[in-house]
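This report covers side-chain contacts and surface features. Please keep the sequence and the structure in view while reading.

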Amino acid sequence: MGIRWQHIALWLAFIVFMLALPELVSKGTLRTIIFANFLAIFAISWDVLSGRTGYISFGHPFLVGIGAYTSAILSYRFGFPIAASIPLAVIATMIGGTLFFLPALRIRGSYFALVTLAFMELMYQLVQVIRPDLTGGTRGMSGIETITRGAVNNYYLSFSLMIIIALAMWLVMKTRLGTALSAIGMNEESVRGSGLDTTKLKLAAFMIAAFIAGLGGAFYVHYLGSIAPRALFDINFLFTIIVAALIGGASTIIGPMIGAFFLTFLLEYLRPVLPGAERYFIYGGIALILYMYQPKGIYEVAKQGWSRLRAARAGAGP
Amino acid sequence: MSYPLELKDVVKRFGGLTATNHMSFEVNDGESLGLIGPNGAGKTTIFSLIMGEHRQTSGEILCNGEDISSLPTYARIGRGVCRTYQIPRPFSEMDVLENIRLGLMPNNLWQMLTRNPDRYREIELALSVGFSEDDLHRHPAELSMGDLRKLELARTLATDPSIMLLDEVFAGLTAGEIAQIAELINKKRAEGMTLIIVSHDLRSLEPLIDRAIAMNHGSIVAEGSFAKVMADPDVRASYLGGE
Ligand SMILES: Nc1ncnc2c1ncn2[C@@H]1O[C@H](COP(=O)(O)OP(=O)(O)OP(=O)(O)O)[C@@H](O)[C@H]1O
Ligand SMILES: [Mg+2]
């Protein structure tokens, strides 16, 4: 009972703090947080598929890319209003993604990861050669309509989107569907032996992941106002998503959020010290050490620290 | 006349190895059939074929007269056939009740999403296989082999089967645990459950079965009452040679 109230209070305090944040920090920091919000969305999406079912996707930028490109092309080339282009982009991500991933759902382990990686690379190449008049080819597009202007507004928008997605996923994962998806990650044969169609379950996980990635990708492109293939279909972007989910705590909702903020700020604070790509080297090292120390991620470290604190306090009491 | 389960001339080859060699047998409604044979005889393979975890090379598997040979596993479970595994396969990061929850889930995404788990039924199943109240929130790592087998039985029972295939239910158990599981099996028999039981522990198996089939090298060696099968010279030879 007490713990539940503490949870709700903690969440309320967090939301109030996040809403007050534009008053407390600089515009620059706010822009960093905006990126963290989007990264959290992508990491939650990755976690729904890979964190739960254990099917490691190396192709998430592929999904984010379909969402971003579809919405960008519809609004920039064909004059669709954003209110129409974003939902269409989400549908496109779910359809396009499913077609590509369907064969991948029949294979497992590292093969699955490699096939999804291949899709990302394929997409990178295709975007540049097929209909460059639409995609903008290698240079991409700029001057894409934005939803709102300014760091503060974009911060509120991205934070609301992230929180809504996180809450929705928290509710979904609490149901038996969430339990079944996690069970696939523990022992797929036993899920089948319990009378469940695992292909259908994996497809559901994939559709949910594609929905979130497409939604995030579309909002992201209308925040940036520009898009380029190398920035999206990029191995560094891919690993940032995966590491955010793993380092924060896979198979939870709050984990990928924590991981996204941790990584974004780590990269940001390393920037003045290490301006080049070496940054990724350092952050890779830090992620690895953290991961080896606690494979369940920062969330688990925090939880254990919290319970130790409580135990210590209870012990010190009269 | 159709049987709850019938195998017709079933063959299964793994590469050059014939694990099931033209096997034909049937189980009667409410009957408890013992399937015995030395290591590698092909007992577990029969279960995998019946469940559709492996596909037979040739032959037919019928369930109540319907050919289920091409159905996926979940569809066979939907028709009331379910098995336990020789090596228990629990969900390692779930407690006893959550493990049972998987067996109770309908194979319907919408219902999984919108309907709450039936806590009462989960607890009822856990207690029915012999778990105590204290065990309900234990994780597989904290359970004994006997408890893991109970968990397998509970998750299998949760799918509401009319035919259960039990693979080595007594392996690795204490005498007390064997008695407990034997009692549970007898209870299910009394309720009319059709059973195929595989066990190396013949003494524990004998009182639980109506009929026995002895097999070796993927073929039936002898069939009939337990006493008759055990008296068969070929069965004796295969056991002496096999172990
Ligand atoms: N997936 C597989 N691939 C190749 N060979 C297999 C496979 N499964 C079983 N076999 C082989 O088929 C034969 C029968 O195996 P099976 O597991 O059915 O025997 P069993 O009677 O259950 O033995 P045990 O008493 O040891 O459990 C064995 O020779 C085994 O090595
Ligand atoms: Mg076996």
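The text below goes through salt bridges, aromatic contacts and a surface patch.

The model is predicted, so local features need pLDDT of at least 70 and side-chain atom pairs count only at pLDDT 80 or more, while totals for chains, interfaces and linings use all residues. Residues are numbered from 1 along each chain as its sequence is written, chains are lettered from A in the order in which they are written, and side-chain values use heavy atoms, with hydrogens and water left out.

**Salt bridges**

Over all chains there are 17 salt bridges (a side-chain nitrogen of Lys or Arg within 4 Å of a carboxyl oxygen of Asp or Glu).

| Pair | N to O distance |
|---|---|
| Arg211(B) and Glu31(B) | 2.6 Å |
| Arg189(B) and Asp210(B) | 2.7 Å |
| Asp147(B) and Lys150(B) | 3.2 Å |

Helices (H or I, at least four residues) and strands (E, at least two) are DSSP runs, numbered from the N terminus. Arg211(B) is in strand 9 (residues 211-216) and Glu31(B) in the loop between strand 2 (17-27) and strand 3 (32-36) of chain B, so their bridge ties together parts 180 residues apart in sequence. Arg211(B) is buried at 14% relative accessible area, and Glu31(B) is buried at 9% (buried is under 20%, exposed over 50%, partly exposed in between, with a 1.4 Å probe and protein chains only).

Asp147(B) and Lys150(B) both belong to helix 6 (residues 145-158) of chain B, three residues apart, about one turn of the helix. Asp147(B) is buried at 13%, as is Lys150(B) at 6%. In chain A, a network of salt bridges links Glu188(A), Arg192(A) and Lys202(A).

**Aromatic contacts**

The count of aromatic pairs over all chains is 15 (ring centres of Phe, Tyr and the six-membered ring of Trp within 6.5 Å; planes under 30 degrees apart are stacked, over 60 edge-to-face, the rest tilted). Phe62(A) and Phe119(A) form a stacked pair, with 5.7 Å between centres and 25° between planes.

**Surface patch**

Phe78(A), Phe80(A), Leu88(A), Ile91(A), Ile95(A) and Leu99(A) make a nonpolar surface patch of about 580 Å². Patch residues have over 30% relative accessible area and no salt bridge, with like charges joined within 9 Å and nonpolar side chains (Val, Leu, Ile, Met, Phe, Trp, Tyr) within 5 Å; areas come from the Shrake-Rupley method with a 1.4 Å probe, and for residues only the protein chains shown count as cover. Phe80(A) is in the loop between helix 3 (60-76) and helix 4 (82-104) of chain A, and is partly exposed at 31% relative accessibility.
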